[in-house]
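Subject: Structure for you to look at

Hi,

Here is the structure I promised to pass on. Please open it alongside this message, and my notes follow below.

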Amino acid sequence: MLENISLPLYVKDLHGKFLGCNKSFEKLLGKRKEEIVNKTIFDLFPEDLAVLLKEKSDYLIKIGGSINYESVILDAFNSLRTVVLNEAIINNQNKEPIGIITIINDLTENKKMEEALLEINERFRAIFSESALGIAMIDLSGNLVQTNRAFAKMFGYEISDISQLNISAISHQDDFALDWGNYINLIEGKLSHYQVEKRFKRNSGEIFWVRLTVSVLKNALEQPNFTINMFEDITERRKSEEQFRQLSTAVLQSPAQIIITDINSNIIFVNPKFEAISGFTFHEVFGKQLSFSQGSEKTEKEYIALWETVKSGNTW
């Protein structure tokens, strides 16, 4: 009958002597039944565990019925196993206690999973709290449920005031629906995350640019209930890009010939005005060495001085 139960199981008398066990218990301890039967809990378990088992057995004999409790035991490989011991009194026909049956439920893997989840949660909380990026947990109605200090600083709010905000209140009106299609695909499970650059509004009313990364947070039923939003302020980068775009436009449309070379005076860029006046295309002069000395009255020393000045970052 004992072998019909897959969990480790043993029977002992009221004095703690083993009367029988199943194969699962043999496997757990790494011992044959012959090495277990007629031994006591003090023969098979470390003293601290044996004392605990005796205390629990004495208590069970006193109250009758059954009890369960969590403990740690050593398995056949000397590894600690977290287990729950379910113990019940065995009575004879006269309802007098004659022994105790114990079924062991191994919780080790569950415990490991719980510990791993706790570690992940701790890491997430640390990242959430200390990240230089603004992070916000937002529900599916757009309400800001939780944010970190970087987010509050970025948007100019007190953390206590943010929970009353909706994402629409801090979004630029023209950009609010910019990523709506991606958001729907994220909620429907078609995307694991997405990234977009869009404008937001600080508490002061100032508009600034953000690289927004959005991922979904699901519940136990694998249903989306929050999004995790990471905000990176890219305003300075966007300003630099705009300045570069304006400079590029000015160079391309300049009425003067513009030539750009590397530090070895090899041509790497010419503007359209150069092409129009010289008759050479960019592809024809690219990589060619620029020489000012041909047909010029300047001395070789002056040209050496010119290139040394330019190479040092100064203007000639």
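Please keep in mind that the model is predicted. Asn 78 sits in the loop between β3 (66–74) and β4 (80–91), and its phi is positive, about 60°, although the residue is not a glycine. Most residues other than glycine have a negative phi. Where else does a positive phi turn up in a residue that is not a glycine? Glu 222 has one, of about 65°. Glu 222 belongs to the loop between β9 (207–218) and β10 (224–233), and with a relative accessible area of 55% it counts as exposed.

Now for the overall picture. The secondary structure comprises 12 helices and 12 strands. Along the principal axes, the C-alpha atoms fill a box of roughly 125 × 50 × 35 Å. The radius of gyration is 38 Å, whereas a compact globule of 316 residues would have one near 20 Å. Of the 316 residues, 31% are buried. Among contacts with a separation of 6 or more, 34% are between residues 24 or more positions apart. The protein exposes about 20,300 Å², and carbon and sulfur atoms supply 53% of that area.

The salt bridge count comes to 17. Here are three of them.

- Asp 175 and Arg 199: their side chains meet in a salt bridge at 3.0 Å, N to O. The pair links distant parts of the chain, 24 residues apart: Asp 175 is in the loop between α7 (167–170) and α8 (180–187), and Arg 199 is in strand β8 (residues 193–201). Arg 199, at 23%, counts as partly exposed.

- Lys 190 and Glu 188: the closest N and O atoms of this salt bridge are 3.2 Å apart. Lys 190 is exposed, with a relative accessible area of 58%.

- Arg 237 and Glu 241: here the closest N and O atoms are 2.9 Å apart. Both residues are in helix α9 (residues 235–253), and because they are 4 residues apart in that helix, about one helical turn separates them. Arg 237 is partly exposed at 29% relative accessibility, and Glu 241 is partly exposed too, with a relative accessible area of 39%.

One last stop is the loop between α7 and α8, where Gln 173 has its place. Gln 173, by contrast, counts as exposed, at 73% relative accessibility. How far is Gln 173 from Lys 201? The two are 28 residues apart along the chain, and their C-alpha atoms are separated by 9.2 Å.

Happy browsing, and do write back with any questions.

Best wishes

Conventions. Residues numbered from 1 in each chain as written. Predicted model: local features only at pLDDT ≥ 70, side-chain atom pairs only at ≥ 80, totals over all residues. Heavy atoms only, no water. Helix = DSSP H or I, 4+ residues; strand = E, 2+ residues; numbered from the N terminus. Rg over C-alpha atoms; globule rule 2.2 N^0.38 Å. Buried < 20%, exposed > 50% of the residue type's maximum accessible area, 1.4 Å probe, protein only. Contact = heavy atoms within 4.5 Å. Areas by Shrake-Rupley, 256 points an atom, 1.4 Å probe, with all protein chains shown as cover. Salt bridge = Lys/Arg side-chain N within 4 Å of Asp/Glu carboxyl O.
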